[in-house]
Amino acid sequence: MTDGTPEHTVETNDGEIITSSELLTIHSARALAGRRVVFAGHGLPTLATALAQRTVAPEIEIVYESGVTGARPPDLPRTISDSVLVPGAASVIPMTHLFNYVLQGQRIDVGFLGAAQVDRYGSLNSTLIGSDWEHPDSRLPGSGGAIEAMAGAAEIFLVMRRHTPRTFVETLDFVTSPSPHRAAQSDVGTMPAGAGVTHVITDLGIMTRFAQDEELILSAVHPGVDPAEVVSQTGWDLQVAADLETTQEPTPEELAVLRDDLDPTRIYLR
């Protein structure tokens, strides 16, 4: 999801101009190295998992909300229910089976999602913007499989196109997918089985958290980004890791696969 801000570009040390969506996709794909079963959300998560399958994680098994498991599509799917997902897939099962036996059965290593807002503990909002349920400023697509992924996956990766105080907020306008921290504070419902959001990849850097009561912290910035800028663009008092890293620039090989093989018509890239 995006806040409508125009895409911006960055220049690598070699003079290559890349868009922020290309940067996000490549770093999201890299984060999947060593993971096995991934529940891919719509948009950049779909593109990132496809890139990972062609680069750092060739054995990755991609699961889609539509019921396709072990997907190895010959072309980039335009939606999570695109028929191109079916050829070569391990199975196509009813959505009820997918949610009951795969997600709730805790068979997902990573749920890869997007959202409109995230708070310091990794709770997500993909439902509405504004304080009035009947007349919100914006009504969004809603949960889809996000709340089930939060509840059943071992961890959640989140990709956010824009790192601003409107997207990284102290208090969510609506809690679509509660983090383990928030779930533990409630006297109803059940606890998520996994760690919740552990990685957030944004156009400014990468944030991480791993324990129930941990907040997201800034663990890496992209080349040329001042950590103070990331702090100022976050709606809470964001802590910066003592061993803050700088991410590695996209390689020509990664860009070639992304641009020429996966998304030459810019379905997801901008």
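Ala, Val, Leu, Ile, Met, Phe, Trp, Tyr, Cys and Pro count here as nonpolar, Asp, Glu, Lys and Arg as charged, and the others, Gly among them, as polar. Welcome to a predicted model, where local features need pLDDT of at least 70, side-chain atom pairs count only at pLDDT 80 or more, and totals for chains, interfaces and linings use all residues. Residues are numbered from 1 along each chain as its sequence is written, and side-chain values use heavy atoms, leaving out hydrogens and water.

**The sheet**
- Eight strands form an open sheet with mixed pairing, in the order S4-S3-S7-S12-S13-S14-S15-S16; strands (E, at least two residues) and helices (H or I, at least four) are DSSP runs, numbered from the N terminus.
- Strands S4 (61-63) and S16 stand at the edges with a single partner each, so one side of each has no neighbour in the sheet.
- Two strands pair if DSSP finds at least two bridges between them; S3 (residues 37-40) and S4 run parallel, joined by 3 bridges.
- Val 37 has Glu 61 of S4 as its bridge partner.

**Helices H2 and H7**
- The axes of H2 (residues 44-54) and H7 (residues 252-262) come within 11 Å and cross at roughly 115°; axes are lines fitted to C-alpha atoms, for helices over the stretch in contact, and angles run from 0 to 180 degrees between N-to-C directions.
- On the H2 side, the contact (heavy atoms within 4.5 Å) is made by Leu 47, Ala 50, Leu 51 and Arg 54.
- The residues of this contact divide into 6 nonpolar, no polar and 3 charged.
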